[in-house]
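I opened my notebook to write down what I looked up in this structure. The entries follow in the order I made them.

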Amino acid sequence: MNSRPRASLERILFDLGSTVLDVAASPGDLDTEVTGVHIYDPLDELYVPPGGLLLAVGVQGATAICGLLDAAREASGIVVKLPVDVDEQVRSKVLETGVAVLGLTRAASWSQVAALLRSLLAEGDLAMPEKGPQGDLFALANAVCALLDAPVTIEDRSTRVLAFSGRQDEADPGRVETVLGRQVPERFQRMLDERGFFKKLYQSRDPIYIELDGDSINRAAVAVRIGDEILGSIWVAVREPLTPQRERALADAAKIVALQLLRERAGADTQRRLRADLLSTVLAGGSDAADAAGRLGIATERLCVLAAQLADGDAADPARAESDRQRFCDALALHVGAIHPKAAAAMIGSVAYAVLPLSSGGDEETRAVRVAESFLSRVGPRHAANIGVGRLAANLSQVARARADADRALRVLRARGLAGQVAGYTAVHFESLLLQVSDVVAAEEQVPTGPYERLLAHDAEHGSELVATLRAYLDAFGDVNAACAKVHVHANTFRYRLKRLTEISGLDLSDPDARLTVMLQMRIFGR
């Protein structure tokens, strides 16, 4: 079994090129293994595991860079926004610590580069320069770039960038924006669609040439397909039409990319199923939970469970709905992974679960709610979803309870008919209990009894509104003026109805237990 070559700074820099990252100061050898991506926060205790790549958000000046190099001696490198202030002190500190300093283009946001680097490391899509087209997608993109002497992107059917070659800095600003965001910007998608380029691309089995306006460089593109199924496309930034020989090379490359996409699709499906099975074992608790947590590489203490679900699943298109759920789950995994390296997320059924380790300090559930709210604020424009947050699990034996908490909080949000909301279990505890009681009532086919049942029967027989009157009275804490305004009747009329309902039902409104009983029946039976 052939394993992928390990991720290193050299391979990252080769694949990203100067479009995104450049070397500002090097200790010499850049073959240092990169084990993960971490974001520097001056308000938190700094912890960078061996090989971690540290994104130095807000760090400027030689003195600050030297201080961070001292504090992150186990890191493979630190990334600072250009221009990087490199003086003799910085160069000396780089040689002393062996930690490289990389410069990030100012056109990129920290969230973009974090997502870009993590997706590359997670997918194993970093290629060595000497690898041929039999490698991964990035190696294929670089091979096509060499053949056609032009920068290349490989995209899926939704115009997400799956891989790109080096030399992207030779293309136009639109291409650079596409690479940084790993997605063709919406305005370019709309333009290509309105001018019929997508239709022409997917109908043709040969490369097409696309002339663009303004400062944009023209494109050559070919659909990547297996039979009649469109898997994606290859886009080449060129200033003139391809020669017949280069067209054939691009068409042949599309066939190789199609096979690679099929292999990666199968591998990704297998990995997703494995992660879902392992996380499901962790969430279920029991004797196998510790082993599953170890295989996932997640923490085993002080955990919060998040249960996230899309609120607008497309039942008319199950394939599209499943794709949206997977993308949503991938985004959640990326978000919690940015907060803690030992977090994990997976799709189980239609719910994306995340296990998030939290440091001690109290208010863990509140902090987890803030994490969930931050995530929804980022994906809100693309995904309408709700998230339930469970109580803190001190260890793996309590994770099953935390998952049940999260599920119940999520159910409360669904019952409210909301979207884009987060609820911690303690905040919706009573509503959750009412839903559980409703389940028992439904399972046992129980019906209203006592005064409430008599009021329902009277309203059904006479077309009266005694139940609505009682509900308004109880909701207003017995304030007749507020209650009659709610049901839009005169106060005297309301008092008459109130008198009639007590006569008919036998309800004693002065008895707190009687009031509680009828209020609970109203909530449980929902009539």
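Before anything else I needed a rule for naming elements: helices are DSSP runs of H or I with at least four residues, strands are runs of E with at least two, and both are numbered from the N terminus. With that rule I placed Pro83 in the loop between β4 (77-81) and α3 (88-97). I noted that the model is a predicted one.

Entry on the whole chain. I counted 19 helices and 16 strands in the protein chain. I looked up its radius of gyration and found 30 Å, whereas a compact globule of 527 residues would have one near 24 Å. Along the principal axes, the C-alpha atoms fill a box of roughly 90 × 55 × 45 Å. Of the 527 residues, 47% count as buried.

Entry on a sheet. In what order do the strands of the open five-stranded sheet run? I read the order as β7-β6-β10-β9-β8, with antiparallel pairing. β7 (161-164) and β8 (208-210) are at the edges with a single partner strand each, so one side of each has no neighbour in the sheet. From one strand to the next, the twist averages 25°. I followed β6 (residues 152-156) and found that it pairs with β7 in the antiparallel sense over three bridges. Thr153 stands opposite Phe164 in β7. Helix α6 (residues 173-181) packs on this sheet and touches β6, β7, β9 (219-226) and β10 (229-237). The direction of α6 makes about 50° with that of β6.

Entry on two arginines. Arg167 is in the loop between β7 and α6, and its phi is near 70°, a positive value in a residue other than glycine. Arg182 is in the loop between α6 and α7 (186-194), and it too is not a glycine but has a positive phi, about 55°. Are they buried or exposed? Arg167 counts as partly exposed because its relative accessibility is 28%. Arg182 has 14%, so it counts as buried.

Entry on a helix pair. Helix α15 (residues 450-462) packs with helix α16 (residues 466-475) at an angle of about 135°, and their axes are 8 Å apart. That angle makes α15 oblique to α16. On the α15 side I listed Tyr452, Leu455, Leu456, His458 and Asp459, which meet Leu466, Val467, Leu470 and Arg471 in α16. I sorted the residues of this contact into six nonpolar, one polar and two charged.

Definitions and conventions: Residues numbered from 1 in each chain as written. Predicted model: local features only at pLDDT ≥ 70, side-chain atom pairs only at ≥ 80, totals over all residues. Heavy atoms only, no water. Axes fitted to C-alpha atoms, helices over the stretch in contact; angles between N-to-C directions. Parallel < 35°, antiparallel > 145°, perpendicular 65-115°, else oblique. Contact = heavy atoms within 4.5 Å. Nonpolar A, V, L, I, M, F, W, Y, C, P; charged D, E, K, R; others polar. Pairing = 2+ DSSP bridges. Rg over C-alpha atoms; globule rule 2.2 N^0.38 Å. Buried < 20%, exposed > 50% of the residue type's maximum accessible area, 1.4 Å probe, protein only.
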